[in-house]
Amino acid sequence: MTTAEDLRAKVGEFLAAHDPKTTDRLEFLRARFDAGLAWVHYPEGLGGLNAPRELQSVVDAEFAKAGAPDNNPRRIGIGLGMAAPTILAFGTEEQKKRYLRPLWTGEEVWCQLFSEPGAGSDLAALGTRAVRDGDHWVIDGQKVWTSVAHIARFAILVTRSDPEQPKHRGMTYFICDMTDPGVDVRPLRQLTGEAEFNEVFLSGVRIPDANRLGAVGEGWKVATTTLMNERVAIGGNAMPREGGLIGMVANTWRDRPDLRTPDLHERLVRLWAESEATRLAGTRLRQQLAAGHPGPEGSAMKLAFARLQQALTGLEVELAGQDGLRYDDWTMRRPEKVDMLGREPGYRYLRAKGNSIEGGTSEVLRNIISERVLGLPSEPRVDKDVAWKDLPR
Amino acid sequence: MTDLLYSDVEEDLRSSVRDLFADKAAAASVLARTESEEPYDLKLWRTVAAELGLAGLHVPEELGGQGASTRELAVVLEELGRSLAPVPLLGSAVLATSALLGCDTAADEVSALLRRLAAGEVIGALAVALTTWPGSPFPAAVSVSGGVLNGQVGLVADASVADVLVVAATGPDGPALYAVDDFTATEVTSLDLTRRLADVTLSGASGTLLASGAQAVAALNHALTAGAGLLASEQLGVAQWCLDETVAYVKQRYQFGRPVGSFQALKHRLADLYLELVTARATARYAADTLASGDDDVPVAVALAQSTCAGIAVHAAEEAIQLHGGIGMTWEHPAHLYLKRAKSDELALGTPGRHRGSLAGLVNLPPA
């Protein structure tokens with residue numbers, strides 16, 4: 001079994017052969033992938049070494065220490081966190097060879113075509129049609145809330161291939177080329193003023209059957225794998241005390257005695273304690289994962305995070321005093337990534353409203369916790385055995 | 001590196017304590033005992049203290065203990081919270097014993113008493129009101145002069161079954177801790193039915209000096225800090241029982257032709273409670289672990305654990321009562337015992353508000 005020491009040695013050898021100061025960034029990243037040091041828990045030949053997943057942090061730390069370029073993981077989060085594990089689990093050998101390397105290096109950005117105007121929390125109700133035409137499928141429909149669609153080269157796409165079946169059956173999962181002429185990406189401006197997301201209209205998009213992931217009609221199973229990985233990704237990174245937003249707010253409190261009130265103090269101390277308790281819960285979750293006992297706490301962490309961010313950003317606007325009435329910039333822009341800490345409190349307050357909606361609403365997460373962790377019965381499912389085409393909508 | 005998990009040894013300890021309490025302190029018998037002549041089960045205490053060695057769990061082996069740490073003791077307290085077993089564990093094994101561990105254990109008077117407590121030969125109690133918090137002023141209720149103690153201390157946990165008290169007394173030479181076995185303890189009618197409180201009277205009692213001056217202050221503070229940190233694990237155990245019991249109940253209680261646990265209005269409340277337990281457990285383990293290693297972060301860890309766990313235990317018990325519906329309001333159902341313990345624990349060893357105040361000072365968030 002590969003140990004942390006083995007990996008440190010391998011990184012050392014790699015760095016000796018590829019000086020990060022003189023090697024071209026992209027060449028460096030491609031070589032790192034080929035050396036199996038991209039994501040060490042992936043198979044050999046696909047950027048990994050079949051090593052334990054928790055050793056990735058060892059490798060990342062070694063590269064960071066050497067000042068090596070990284071693959072800008074926040075920019076390609078959907079590819080890394082969702083598309084890649086799905087391709088690994090369901091892709092053919094050709095698909096893995098073709099897509100994983102440029103995905104990891106960031107040469108090809110990925111987005112996710114899942115949600116639709118009529119299928120949000122009830123994703124399995126989605127209606128984007130896929131109709132078989134010889135060696136191809138013809139896709140028509142509309143997707144929404146698609147981050148980075150405007151810079152993406154590929155998408156993971158879930159479609160309705162058989163409307164006669166109940167909603168969880170009759171779905172098929174594809175890799176969609178975003179440069180296809182039938183793909184129309186339009187910015188979706190949100191309450192912050194910017195357009196972090198897009199609407200994606202698919203009109204007669206022709207996808208080769210070779211770009212299907214998983215069997216025809218098995219799209220829900222494949223999508224479930226994607227979504228499980230999304231929640232693993234949200235489990236988050238290790239952070240020091242006051243490492244997140246609470247540190248920023250606490251420092252404002254320390255620096256600006258003129259803004260202090262007894263009410264804000266009471267709330268700030270409560271939120272400090274909640275932030276620290278949540279941080280420790282995240283640490284405990286990672287320790288469980290590292291010990292090989294993944295706990296069910298993961299789904300709870302996102303719920304906690306959303307509530308905390310919303311409470312903290314609301315407090316931060318009040319703590320800003322008069323400046324709480326200002327807003328930094330309403331200009332319509334299409335950012336490549338969310339920059340919570342780089343903007344002003346007003347932006348953070350507004351953007352945080354999305355934290356309890358994106359990646360599973362807090363209400364859906366409460367259903368998941370109560371059903372999968374606590375074992376409580378589900379609400380009666382009136383749509384379970386009804387053909388998708390006959391569902392009320 | 002902080003370890004927030006439970007080791008295999010800790011899990012083994014948990015399962016033997018849980019089995020014992022399930023056998024000897026089932027809910028019906030705990031309830032029946034609250035109105036009997038013997039509210040404490042001293043036979044069970046002998047098993048716990050002497051046979052399982054839990055009275056001296058965190059006492060070093062050379063002082064007659066098991067040589068384990070507050071990490072293991074915290075697991076026992078989780079099980080105590082889960083069962084509400086009527087044994088004087090908090091008063092004797094936690095508070096009195098921790099006070100002695102904060103004294104000079106090389107001194108004969110200290111080590112001799114520690115040995116007897118650790119062996120379960122005697123039951124101890126810390127003669128301060130249970131509401132005393134870490135960092136509070138040294139109590140002035142008992143005066144000492146020439147080794148003779150006089151005074152009254154109200155609301156002392158587990159004092160009615162104690163053989164010996166660790167008394168905080170103030171005399172001409174300043175603060176001191178004494179061991180006293182000549183006292184009267186009169187049980188009060190307490191909100192918590194399963195942990196008894198007593199008013200203690202010392203009338204010309206002769207005491208054995210354990211610590212004086214700054215050491216007495218530090219030893220008392222050590223006991224209160226360890227006590228508050230470990231109480232978080234008891235609160236976690238209370239909350240866990242409330243969640244488990246309520247989840248089991250709403251699965252089998254039918255109304256409107258469905259288990260009531262299938263309604264989102266209830267499921268979401270229980271999911272939120274589960275999340276509270278996840279964070280409570282992380283803070284309780286952090287407190288137990290830092291106390292065990294003597295980490296510099298102990299004051300923050302304890303204040304954080306109490307700020308977090310006290311309210312969560314109360315919330316869990318209140319939800320248990322509400323989600324059980326009418327049966328939750330009855331004397332017959334044990335839920336009220338947990339509500340009473342949770343609410344009393346919220347006041348014990350510093351309220352959450354008091355601990356948040358300490359936290360604000362410790363992490364440099366000065367008041368307005």
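Reader: How many Å separate the centres of domain 1 and domain 3 of chain A?

Author: In this predicted model, the centres of domain 1 of chain A and domain 3 of chain A, taken over C-alpha atoms, are 32 Å apart. The bounds, which come from an automatic or database domain assignment, are 1-70 for domain 1, 110-230 for domain 2 and 235-360 for domain 3. Residues are numbered from 1 along each chain as its sequence is written, and chains are lettered from A in the order in which they are written. Local features need pLDDT of at least 70 and side-chain atom pairs count only at pLDDT 80 or more, whereas totals for chains, interfaces and linings use all residues.

Reader: Which helix of chain A gives the most to the side that touches chain B?

Author: Two residues are in contact if their C-beta atoms, placed from the backbone, lie within 7 Å. Here 36 residues of chain A are in contact with 33 residues of chain B. Helices are DSSP runs (H or I, at least four residues), numbered from the N terminus. On the side of chain A that touches chain B, α8(A) gives the most, with 16 residues.

Reader: At what angle do α9 and α10 of chain B pack?

Author: Axes are lines fitted to C-alpha atoms, for helices over the stretch in contact, and angles run from 0 to 180 degrees between N-to-C directions. Helix α9 (residues 298-323) of chain B packs on helix α10 (residues 335-347) of chain B at about 155 degrees, with the axes 8 Å apart. The two helices, α9(B) and α10(B), are therefore roughly antiparallel (angles over 145 degrees). Residues that meet include B:A310 and B:G311 in α9(B), and B:A335 and B:Y338 in α10(B).

Conventions
Angles under 35 degrees count as roughly parallel, over 145 as roughly antiparallel, 65 to 115 as roughly perpendicular and the rest as oblique.
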